[in-house]
Amino acid sequence: MFIELVDALRCPVPHEESWLVAAAVRMEARHIVEGTLGCPVCSAEYPIRDGVVDFRRDGGPVATTHVASDAELAMRLAALLNLADAQGFAVLLGEWGAQAHELASIVETPLVVVDPPADVVGAPGVSVVRSDGDVPLASGAARAMAIDDGGDSRVASAVRATRAKGRVVAPVSVSVPAEVTELARDDRMWVGERGAAVSPLVSLHVRRST
Ligand SMILES: [Zn+2]
């Protein structure tokens, strides 16, 4: 886990958002390889092993899966996610993570991969996170997000973690969330843009004639 990305991680337990406190046991080139993230709100502790941050309640081996990397798909992702510079970071959920290393070889944007196939490992530019579903990132933290079909709650948390005007890519099996404006689609995926953050309460003042 790239040390600079720790600021963007959030405890998945439902409570107010708070930064996590990192305790590194072993670092390599500004990446935490072994250590712990602690939540100051609920006191939960999350291990970092082999560079992977594990937010799962019942950590354990990840089912062995393999998804082939695909240079053409990685190139499309770079364009659709608009990763033209090294600013901020982008997030790949689920099977999109299989393209992380190919993508990291063509863009400078740091990548966070959440629940990638088991054989995707962390590397400079690629930080791996395991979750129980919801994306454990601060609201509006990510510049762009490739969403997988992981259920409504996960999709909502992914959109919430994407900044205003940030690109969102998803397979066509995911319907376009209300906060996202669709820009284009083909038979495999759609790309959209996250709208500006909306205030939670919008009141309409209607003047009544008496
Ligand atoms: Zn917590």
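**Figure 1. Close-up of the D119–H66 side-chain pair.** The side chains of D119 and H66 are joined by a polar contact of 2.4 Å. The model is predicted. D119 sits in the loop between β6 (111-114) and β7. Leaving aside residues up to four places away in sequence, D119 touches T65 and H66. T65 is 54 residues from D119 along the chain, yet their C-alpha atoms are 7.0 Å apart. D119 has a relative accessible area of 41%, so this residue counts as partly exposed.

Figure 2. Is D115 buried or exposed? D115 is buried, because its relative accessible area of 17% falls under the 20% cut-off. Its backbone deserves a look as well. Phi of D115 is near 55 degrees, a positive value in a residue that is not glycine. Most residues other than glycine have a negative phi.

Figure 3. S127 is part of β7, which spans residues 126-130. The relative accessible area of S127 is 2%, so S127 is buried. A polar atom of the S127 side chain lies 3.1 Å from the backbone nitrogen of F2. Which residues does S127 touch, not counting those up to four places away in sequence? They are M1, F2, L5, L111, V112 and V113.

Figure 4. K165 is found in β9, which covers residues 162-171. Phi of K165 is near 75 degrees. This is a positive value, and K165 is not glycine. Is K165 buried or exposed? K165 is exposed, because its relative accessible area is 61% and the cut-off for exposed is over 50%. D115 likewise has a positive phi, but D115 is buried.

Figure 5. Helix α3 runs over residues 152-160. Which residues of α3 are buried? They are R154, V155, S157, A158 and V159. The spacing can be read against helix geometry. An α-helix has 3.6 residues a turn, so residues three or four places apart point the same way. The cover over the buried residues of α3 includes β5 (90-93), β6 and β8 (142-146). It also includes β9, β10 (180-185) and β11 (189-194). Strand β9, part of this cover, is the strand that holds K165.

**Figure 6. The whole chain, as context for the close-ups.** Three helices and 11 strands make up the secondary-structure elements of the chain. Along the sequence their order is β-β-β-β-α-β-α-β-β-β-α-β-β-β. Along the principal axes, the C-alpha atoms fill a box of roughly 70 × 45 × 30 Å. Of the 210 residues, 44% are buried. Among contacts between residues at least 6 apart in sequence, 46% join residues at least 24 apart. The chain exposes about 11200 Å², and 52% of this comes from carbon and sulfur atoms. There are 19 positive and 28 negative charges, and their mean positions lie 8 Å apart.

Technical notes
Residues numbered from 1 in each chain as written. Predicted model: local features only at pLDDT ≥ 70, side-chain atom pairs only at ≥ 80, totals over all residues. Heavy atoms only, no water. Helix = DSSP H or I, 4+ residues; strand = E, 2+ residues; numbered from the N terminus. Buried < 20%, exposed > 50% of the residue type's maximum accessible area, 1.4 Å probe, protein only. Polar contact = N/O pair within 3.5 Å; in protein donor to acceptor, adjacent residues only side chain to side chain. Contact = heavy atoms within 4.5 Å. Areas by Shrake-Rupley, 256 points an atom, 1.4 Å probe, with all protein chains shown as cover. Lys, Arg positive; Asp, Glu negative; His and termini not counted. Charge placed at Lys NZ, Arg CZ, Asp CG, Glu CD.
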